[in-house]
Amino acid sequence: MNNKLITHTILCFLMLFSALFTWYLTSKDSKIYFSAPEKLVVTIPTKIGEWTEEVQNTNVVINPELEASVNKLYSDVLSRTYVNNKGDRIMLVIAYGEDQREGNALHYPEVCYPAQGFVIDSSKDDSIFIANKDLRVRRVMTNHSQERFEPVTYWTTLSGEVVRGNVEKKTKEIINKWNGNVLDGYLIRVSTIDKNQKSAFAIQDSFIRELIKSLDKGMAVRLAGDL
């Protein structure tokens, strides 16, 4: 058998295996891993530590995601602005999707911000120390026309476990799908309008700690894993 024939045989085998594997994953009876949560508007407090929801918010915040797309992608979305007594403002967006299979997955800021005209200046892994553990997050620096600078901190969870990056997410999905589970997921995004990323991320970290502390145990696990 020559090398060309061996190569073709291996490729055919891999294609067949991939097709059968995909068929198995998509045809297997599955169930949502978690029961449906309460609506975010109920579970997320309007007062978080020193922060209070700013109800009458007009021109301060522009949500960079199109409302129609958001409603199509997610089962539940909460978008609020919080303000403290110093006048600092935090934008909080929490999106919940009950099914994180392909096509239904949460959209990362690195994708949705550029779609709204923002430029991604940088994006890196980081962590926030909460309750003696690290919450693994992403830090994204964005700007719109060099006029609006919006540092973003975000993270995602799949059925109560923080996952970072597509490889980690896909691995968890495949393992759970193999066991008959379909994972639900949250994307939690916190941002401020501030050109100084150091001070912006410090304020965001403080808010995120207060946010997790303000939740009951079940919701805290859903949004931040087992801290």
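This is a predicted model: local features need pLDDT of at least 70, side-chain atom pairs count only at pLDDT 80 or more; totals for chains, interfaces and linings use all residues.
Residues are numbered from 1 along each chain as its sequence is written, and side-chain values use heavy atoms, with hydrogens and water left out.

**Overall fold**

- The secondary structure consists of 7 helices and 11 strands (DSSP runs numbered from the N terminus: helices are H or I with at least four residues, strands are E with at least two).
- Of the 227 residues in the chain, 41% are buried (under 20% relative accessible area, with exposed over 50% and partly exposed in between; 1.4 Å probe, protein chains only).
- Among contacts with a separation of 6 or more, 70% join residues 24 or more positions apart (a contact means heavy atoms within 4.5 Å).

**Helix α6**

- Helix α6 covers residues 197-214, 18 residues in total, and spans 25 Å from its first C-alpha to its last, close to the expected 26 Å at 1.5 Å a residue (the expected span is 1.5 Å times one less than the number of residues).
- Its buried residues are Ala-200, Phe-201, Gln-204, Asp-205, Phe-207, Ile-208, Leu-211 and Ile-212.
- An α-helix has 3.6 residues a turn, so residues three or four places apart point the same way.
- At the start of α6, the backbone nitrogen of Lys-198 lies within 3.0 Å of a side-chain oxygen of Asn-196.
- The charged end of Arg-139 sits over the ring of Phe-201, 4.8 Å from the ring centre (the rule requires NZ of Lys or CZ of Arg within 6 Å of the centre and within 35 degrees of the ring normal).

**Aromatic pairs**

- The count of aromatic pairs is 5 (rings of Phe, Tyr and Trp, the last by its six-membered ring, with centres within 6.5 Å; planes under 30 degrees apart are stacked, over 60 edge-to-face and the rest tilted).
- Tyr-108 and Tyr-154 form a tilted pair, because their ring centres are 5.8 Å apart and their planes lie at 35°.
- This pair links distant parts of the chain, 46 residues apart: Tyr-108 is in the loop between β5 (89-97) and α4 (109-115), and Tyr-154 is in strand β8 (residues 148-158).
- Tyr-108 counts as buried at 16% relative accessibility, as does Tyr-154 at 5%.
- Tyr-113 and Phe-118 form an edge-to-face pair, because their centres are 5.0 Å apart and their planes lie at 70°; both residues are buried.
- Trp-51, Tyr-82 and Phe-207 form one aromatic cluster.

Methods
A polar contact is a pair of N or O atoms within 3.5 Å; within protein, one must be able to donate a hydrogen and the other to accept it, and residues adjacent in sequence count only if both atoms are side-chain atoms.
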